[in-house]
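Try each one before you read its solution.

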Amino acid sequence: EDGAVVGRGPSGISGGGGGDVGTLTTGSGGRRFATCETGRRFCVETSRGTVEAGAVVHCTNAYVSTLLPEMADKIQPVWNAVLNTGPTTTRILRPNPDCRSTTDCCVIIFDPGFVYCQQRQDGRVVLGGFRQLRTNSGVGIFDDSVSSGMPADIEREMSEFLGRHFEGFDSVPIEHVWSGIIGWSCDGLPWVGPCPGRPGEFVCAGFCGHGLPRTFLAGAAVASMVCNEKPRQYVASFRPDLTRSGTSWQAFE
């Protein structure tokens, strides 16, 4: 599958750090990971050549089970739709003069948790969710590409939602509508740490739509583990354990 391979290289990612990022790099061969002749633990054949590594970190989020089949019932892909309006002086909430955020300092949740929205300081509204309108609430959809674009019934529902629930939004223009795939874990918590039963392999996935505030420290924690160091900050409940279970992707929790 297409993905990214990160390894040591002659040029640094930032300031000569000795890294190389290969985006859209295709992995080939029946076995993705095999012992290398040089003695390194892992050997990955890619469209850019062979990558040797002492450790592998699986950061494929919703698609993690394609390489870790034992994760199929632990992290599921979930379809999600989003739109944003144009700027407007109409407000969903009364502005808070003490708030320094670029938003109105809150997220409004509807229907029970399947729809959410947030308003920016320039009045733009980001409205998302609506997966309850898809079969099985969008769970199990790996590919969100649709030849005809966003499903018409969902785009119509999203377009009419703000005007139906908030006064003055009937005529606010919509700038963009898009969809994406969320990596949703069985218990609603990320999976960050060593892969059970796979020495030298680590996983950092299942952020349930909250990746931006969590992935920086999660990535740092896994990097420390790869180097056999104790993470400076780590949440024990994020540790991968195949006894973790649940179906949190079926409802907002």
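**Exercise 1.** Work out what span α1 should have, and check it against its end C-alpha atoms.

Solution. Start with the rule: the expected span of a helix is 1.5 Å times one less than its number of residues. With 14 residues, α1 should span 20 Å, and its end C-alpha atoms are 20 Å apart, so the two agree. (Helices, H or I, of at least four residues and strands, E, of at least two are DSSP runs, numbered from the N terminus.)

A word on the source: this is a predicted model, where local features need pLDDT of at least 70, side-chain atom pairs count only at pLDDT 80 or more, and totals for chains, interfaces and linings use all residues. Residues are numbered from 1 along each chain as its sequence is written, and side-chain values use heavy atoms, leaving out hydrogens and water.

**Exercise 2.** Find which residues of α1 are buried, and what covers them.

Solution. First, pick out the buried ones (under 20% relative accessible area, 1.4 Å probe, protein chains only): I154, M158, F161 and L162. Next, look at what lies over them: the cover includes β6, β7, β8 and β9.

**Exercise 3.** Sort the side chains of β8 by face.

Solution. V115, C117 and Q119 point to one face and are buried.

**Exercise 4.** Which residue in β9 is the bridge partner of Y116?

Solution. β8 and β9 run antiparallel, joined by five bridges. Across them, Y116 has G128 as its partner.

Methods:
Buried means under 20% relative accessible area, exposed over 50%, partly exposed in between (1.4 Å probe, protein chains only). Contact means heavy atoms within 4.5 Å. Two strands pair if DSSP finds at least two bridges between them.
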